[in-house]
Amino acid sequence: MPAFALFGSSYISRLERFCNGDLQVPMSCHFFGAGGMKVTSISVPKYTQLLQLNPDYVFIQLGGNDISSTTTPREIFEKIIGCVDHLYLNGVKRVYVGEILRRGAFRDSHLTTAQFNRIRRTINKLLKKKLGSDFIMFPDIHFPMDYSPDQVHLSCGNSRKSGMVKYFHRLRKIIVSTQ
């Protein structure tokens, strides 16, 4: 049976908790998420576990935590693509990368919402150009409507309108399409 791995920041770890580790797909799915993970400082234990699994497919959700008032879009883009290339070198058949989603709160007190959005849009544009259909967008997730009060994470209610429900269903669709 093919294996699908989801790797990244708190979006992945929160998704795992939300669905109790079951994406309800006919494939073996494994979660490798860590809150606060950055593409510039990937969790080595999680990445090692991911490589040991030897998955056929990987979805990556990284980059948002890397954006600060001093980073450049190109730097983050290149780190994400470096991770994608490394996974392909290690036998992964297909790597998907999720867009960097909006947020309204930042750890960097010098980072403004306008700056964050400009950087994230530039990174997303570069990723879309490089990855094509393997760049996954979430057009039905809207800020601030689909976010928790912290303005960083997706809301986790069970209504069809919660951000996490939308994220869950979009990823399920991607996983099912690999069959």
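Modeller: Before we start, helices (H or I, at least four residues) and strands (E, at least two) are DSSP runs, numbered from the N terminus.

Biologist: Thanks! In what order do the elements run from the N terminus on?

Modeller: The order is β-α-β-α-β-α-β-α-β-α, which gives five helices and five strands in the protein. Please keep in mind that this is a predicted model, where local features need pLDDT of at least 70, side-chain atom pairs count only at pLDDT 80 or more, and totals for chains, interfaces and linings use all residues. Residues are numbered from 1 along each chain as its sequence is written, and side-chain values use heavy atoms, with hydrogens and water left out.

Biologist: Got it. What is the radius of gyration?

Modeller: The radius of gyration is 15 Å, close to the 16 Å that the globule rule gives for 179 residues, so the protein is as compact as a globular protein of that length. That radius is taken over C-alpha atoms, and the globule rule is 2.2 Å times the number of residues to the power 0.38. Along its principal axes, the C-alpha trace spans about 45 × 40 × 30 Å.

Biologist: And what share of the residues is buried?

Modeller: Buried residues are 51% of the 179. Buried means under 20% relative accessible area, exposed means over 50%, and partly exposed is in between (1.4 Å probe, protein chains only).

Biologist: Nice. Which residues touch the most other members of the largest nonpolar core?

Modeller: Ile60, Leu87 and Leu127 do, in a core of 30 residues. A nonpolar core is a set of buried Ala, Val, Leu, Ile, Met, Phe, Trp, Tyr and Cys residues joined through side-chain atoms within 4.5 Å. At least two residues of this core come from each of strand 1 (3-8), helix 2 (44-53), strand 3 (57-61), helix 3 (73-89), strand 4 (94-98) and helix 4 (113-131). Helix 3 gives the largest share, seven residues.

Biologist: What is Leu87 in contact with, leaving aside its neighbours within four places in sequence?

Modeller: Its partners are Tyr47, Leu50, Leu51, Val58, Ile60, Val92 and Val95. Contact means heavy atoms within 4.5 Å. There is also a second, separate core of 26 residues, with Cys19, Val25, Cys29 and Phe168 among them.

Biologist: Switching topic: is Ser13 buried or exposed?

Modeller: Ser13 counts as buried, at 13% relative accessibility. Ser13 is found in helix 1 (residues 10-18). Leaving aside neighbours within four places in sequence, Ser13 is in contact with Gly33, Ala34 and Gly35.

Biologist: Now the backbone. Which peptide bond is cis?

Modeller: The bond from Phe143 to Pro144 is cis, with omega near 0 degrees. Pro144 sits in the loop between strand 5 (135-136) and helix 5 (163-177).

Biologist: And where is Gln151?

Modeller: Gln151 is in the loop between strand 5 and helix 5. Its phi is near 65 degrees, a positive value in a residue other than glycine. Gln151 is partly exposed, with a relative accessible area of 35%.

Biologist: What about the phi of Asn20?

Modeller: Asn20 has a positive phi of about 55 degrees, although it is not a glycine. Asn20 lies in the loop between helix 1 and strand 2 (28-33), and counts as exposed at 69% relative accessibility.
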